[in-house]
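The stops below follow one another as a series of selections.

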Amino acid sequence: MPPEQNNNHAKMKTNNTTANTDVVLIGAGIMSATLGTLLKELQPGLRIEIFETLDNVAEESSAAWNNAGTGHSALCELNYTPQKADGSIDISKALHITESFEVSKQFWSYLVQQGVITAQSFIHSVPHMSFVWGDKNVAYLDARHKAMQAHHFYKTMQYSEDRQQLAQWIPLVMNGRDAKEHIAVSRMETGTDVNFGALTRELFAHLQKQDGVALHLNHHVDHLRKENNEWIVSIKDKKTGEEKTVRTKFVFIGAGGGALPLLEKAHIPEASGFGGFPVSGQWLKCNNEKIIEQHAAKVYGLASVGSPPMSVPHLDTRVIDGKKELLFGPYAGFSTKFLKQGSYLDLPESIRPSNILPMIEAGLHNVPLTKYLIKQVMQSQEDRLNELREYFPDAKAEDWELRIAGQRVQVIKKDTHEGGVLEFGTEVVSAADGSVAALLGASPGASTAVSIMLGLIKTCFKEQITGTEWQDKLKSMIPSYGLSLADDEALFNRVHSETKEVLGLAG
Ligand SMILES: Cc1cc2nc3c(=O)[nH]c(=O)nc-3n(C[C@H](O)[C@H](O)[C@H](O)COP(=O)(O)OP(=O)(O)OC[C@H]3O[C@@H](n4cnc5c(N)ncnc54)[C@H](O)[C@@H]3O)c2cc1C
């Protein structure tokens, strides 16, 4: 992206004329909030226009009840530590996720210290635990614990098969359980629950107070096209029906599930072949205060064979708007919508000549996923309760209600060997000149938003990020910036204890 030209904030005109800005952020979820905040810290004079189709920020995937609020740090999620053919445990992915979350915590701590956000409103300590049953799975968890504890990130990880100890840690999971069942649990006290909706709202409230930033709610971005090295973004004001355009040097398509259709409209060669496969989610939410009080952990199990990694069942303590809550899930569903408040035409309308083959190939290579989704969609409430009872044997139907979670659009992309592959992570797709970038996919998502957006800045603001001004600022906000916490135990210990203190966390 070319450097900033001037600092005057041009207000959007309301008579169909084109306004100028430096940056357009499409969508008001955690990703745009994070990118906008980072950019404004790095270059306070930057002019930023944010367009959100809904009447408030953080109403889609970033809303607290639309995601699980797990501060994904690979402490309890077993899909990040696969067992290799020789029986050893591969912790490389876990190290990467943990490092990313530590980066998020550093940036959030910086913002807390600046008085921009308040830690208590969005982050709380909740132990992260992995729970398995059966000899094979117990052996896996034992091996995983040994492999992880050898690294300084996970030195404090506890492991137990002792039923008395487990009854203390997770009474709901242990009460009424078959005494002969071989079970094991690992536990990290440093786990967190994060209300990404509250965090997003605080970040936008702060951004809106900045000179040169304007947030436009009820504004739907319809189209974007390139003209003379700038992007012309077409927007519809949903309240007045008025159509507007804004001319900008850089566009971030942070539209969550709505990112793929907009990326397709940008017609950049880098986006060719990308498709999306929507998976919806549901939770069981506990409505019995006595039960909610008895649990204080995020307890993650193993995903069943054929199911996607994000469908790992978990019994989660949440803290939402100051209140302790308990949820179990997710149960997967299928809908052709790309956003919870999207259209059933989202999936069919996203199919293009360039992505139809990758999409078909990805479908053919993911038959177990299709079978899993069909099975999930066919589930009755009693089936769901039976799944819950694997984690909470005494669960009663009257204590739980079904809630619809957010929509995830899994990335499908071209692959030279398989034709098309379905991915479960996130992917930043950007134009070669760095003038537009989109975030596709959803996992581990919000927890790693800061690292994802730093990667995007490195790609799209190449010139500015190599300058000493941005480098110094980044190091002051994120002390480990440019260094590796995974390789440097002393740095990790220092940074971890600083963020623990500022964010008021345990462990
Ligand atoms: C069931 C589920 C569980 C999850 N659990 C976790 C978890 O435990 N931990 C974790 O870290 N992450 C989790 N995630 C992922 C996390 O929620 C997402 O990665 C994150 O919220 C994505 O943020 P976003 O800003 O990209 O998208 P969103 O929050 O979806 O924001 C996108 C915004 O763009 C707007 N928009 C869309 N199209 C347009 C348009 N054309 N014009 C204007 N505005 C538009 C939308 O209305 C929306 O407000 C989970 C997700 C789901 C669905």
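Helices (H or I, at least four residues) and strands (E, at least two) are DSSP runs, numbered from the N terminus. The model is a predicted one: local features need pLDDT of at least 70, side-chain atom pairs count only at pLDDT 80 or more, and totals for chains, interfaces and linings use all residues. Residues are numbered from 1 along each chain as its sequence is written, and side-chain values use heavy atoms, with hydrogens and water left out.

**Stop 1: two loops**

Select Asn229, in the loop that joins strand 9 (219–227) to strand 10 (230–237). Its phi is near 65°, a positive value in a residue other than glycine. Asn229 counts as exposed because its relative accessibility is 61%; exposed means over 50% relative accessible area, buried under 20%, and partly exposed in between (1.4 Å probe, protein chains only).

Next, select Asp321, which sits in the loop between strand 14 (314–320) and strand 15. Asp321 is not a glycine, yet it has a positive phi of about 50°. With a relative accessible area of 60%, Asp321 is exposed.

**Stop 2**

Continue to Pro330 in strand 15 (residues 323–333). The peptide bond leading from Gly329 to Pro330 is cis, with omega near 0°.

Now select Glu289, part of helix 8 (residues 289–293). Glu289 counts as partly exposed, at 43% relative accessibility. Display also Leu326: the C-alpha atoms of Glu289 and Leu326 are separated by 9.2 Å, and the two residues are 37 residues apart along the chain.

**Stop 3: helix 7**

Is helix 7 (residues 259–266) largely enclosed or open? Six of its eight residues are buried, so helix 7 is largely enclosed by the rest of the structure. The buried residues are Ala259, Leu260, Leu262, Leu263, Glu264 and Ala266. Just after helix 7, His267 takes a positive phi of about 55°.

**Stop 4: helix 1 against helix 13**

Select helix 1 (residues 30–42) together with helix 13; they pack at an angle of about 55°, with their axes 9 Å apart. Axes are lines fitted to C-alpha atoms, for helices over the stretch in contact, and angles run from 0 to 180 degrees between N-to-C directions. Helix 1 and helix 13 are therefore oblique to each other (angles under 35 degrees count as roughly parallel, over 145 as roughly antiparallel, 65 to 115 as roughly perpendicular and the rest as oblique).

In helix 1, Ile30, Met31, Thr34, Leu35, Leu38, Leu39 and Leu42 meet Ala449, Val450, Ile452, Met453, Leu454, Leu456 and Ile457 of helix 13; to meet, or be in contact, is to have heavy atoms within 4.5 Å.

**Stop 5: the nonpolar cores**

A nonpolar core is a set of buried Ala, Val, Leu, Ile, Met, Phe, Trp, Tyr and Cys residues joined through side-chain atoms within 4.5 Å. The largest one has 58 residues, and those with the most contacts inside it are Leu35, Phe107, Trp108, Ile117, Ile123, Phe252 and Ile457. Helix 13 (residues 449–460) gives the most to this core, with eight residues. Another core, of 38 residues, lies apart from it and includes Leu263, Ala362, Tyr372 and Ala431.

Finally, select Phe252. Leaving aside neighbours within four places in sequence, Phe252 is in contact with several residues, among them Val24, Met31, Leu35, Ala437, Met453 and Leu456.
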